[in-house]
Amino acid sequence: MCPTYPHPTGWLSGAGDQMNSTPTVGVLALQGGVREHAEVLDALGARTALLRTPADLLGPDGLRVDALVLPGGESSVIDRLIRTFGLYDPLQEAILAGLPTLGTCAGLILLANRVEDPAPGQQSLGVLDATVLRNAFGSQVDSAEVELETAEGPVRVAFIRAPEVVAVGPGVEVIARRSQAIVGVHQGAITGIAFHPELTGEARFHRHLLTQIGGHQQRAAS
Amino acid sequence: MLSPADYVNHIDKQAFTVPFVCGATNLGEALRRITEGAAMIRSKGEAGTGDVSEAIKHIRTIRGEIAALHATFQANPEQLYVAAKELAAPYNLVLEVAQAGKLPVVLFTAGGVATPADAALLMQLGAEGVFVGSGIFKSGDPAKRAAAIVKATAAFSDPAVITEASRGLGDAMVGINVSDVPAPHRLAERGW
């Protein structure tokens, strides 16, 4: 680790660094808004591990994280990078095996099993039975902070080139809408939201993620 | 980069919906561009040279000034009024940056980046992204070098990934030292 790296040390805690029962949440850190998620998780008392390589996710004894955050960013870029870095299969397997996962914005697109308007060559992990439409609320200049009623209560969150969920399968529960558009879903331990709670200091979706950890028994070290 | 049309005024970028990316060599310049409506700040560097030292200087300067403001916010916030005067930037924006420890827009870097290690180094110094032009297009194998620079940027704190990405890339662009560029032609010296 480079000693000149400027970010707070709490944000840099290494993957697999498990000194006690504090849950470790892996945040995919190849591109996009990583730091803000780490700050919310730190404030909730969770340990954050930045995921860039398969070894960050999987140790010799199994998964190194108790939960996963797929952040916002550019979904086609993150998709390309997880394949470049060999993370596509390990991420897909871990989520399908029940690893509690929160995907925000681009992270929601990565989770979905159908992307209605993919960029050329764009794939997704296909672990959430939903169809998403990219940039459903307009371009960057249409970004807005919006008040929504959600399963977590009323929230104020940011929409930045956000996707919309245009169709869901039978096992998917809708947890948030913006007007009529579906912008939040649960499927088992997976939460997919089209917006950014981490940019407005909204921690309830991350807290929900942490509550899902007990049900997941894949982690060998715990 | 184009030469300036107006050596006094900058464009009122608040009047546009299209996003503007503006260069800056120091924090005061960055904050004035943000006040005018810049959507992203690019630390300037010296484009087209393959000499990354100017880019390093500018990102270190901007990040260092932000860190100093953040420390002032924590220890002596009453000194931020004078800090705003010295930066020649609005107090409210100075306060926002001092509190957050970062700019309210993306701060990326460019100018002279020619290798995966250049890009990783700039990320380690606090850039939120790296722009590469001639460092890729004037190299021996642009596609391969572009992929390697992307990889090193994404995994900027992982020496093993950067080392691996740096192997077998063919010729880098032929560099020019910034000190060999006559001062009137240095891009980083344009702007105020």
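Q: At what angle do helix α2 (residues 53-75) and helix α4 (residues 91-100) of chain B pack?
A: This is a predicted model: local features need pLDDT of at least 70, side-chain atom pairs count only at pLDDT 80 or more, and totals for chains, interfaces and linings use all residues. Residues are numbered from 1 along each chain as its sequence is written; chains are lettered from A, and ligands numbered from 1, in the order in which they are written. Helices (H or I, at least four residues) and strands (E, at least two) are DSSP runs, numbered from the N terminus. Axes are lines fitted to C-alpha atoms, for helices over the stretch in contact, and angles run from 0 to 180 degrees between N-to-C directions; the axes of α2(B) and α4(B) lie 7 Å apart, at an angle of about 85 degrees.

Q: Is α2(B) roughly parallel or roughly perpendicular to α4(B)?
A: Angles under 35 degrees count as roughly parallel, over 145 as roughly antiparallel, 65 to 115 as roughly perpendicular and the rest as oblique. The angle here is about 85 degrees. That makes the two helices roughly perpendicular.

Q: Which residue in β3(B) is the bridge partner of B:R42?
A: Strand β2 (residues 40-43) and strand β3 (residues 106-110) of chain B run parallel, joined by four bridges. Within this pair, B:R42 bridges to B:F108.

Q: Which residue in β10(A) stands opposite A:E147?
A: Strands β9 (residues 144-150) and β10 (residues 153-159) of chain A run antiparallel, with seven bridges. They form a hairpin, with two residues between them. Opposite A:E147 stands A:R156.

Q: Is A:S179 buried or exposed?
A: A:S179 sits in the loop between β12 (173-178) and β13 (181-187) of chain A. Its phi is positive, about 50 degrees, although it is not a glycine. A residue is buried if 20 or more other C-beta atoms (placed from the backbone) lie within 10 Å of its own, exposed if 12 or fewer, and partly exposed in between. A:S179 has 8 C-beta neighbours inside 10 Å, so it counts as exposed.

Terms used: Pairing = 2+ DSSP bridges.
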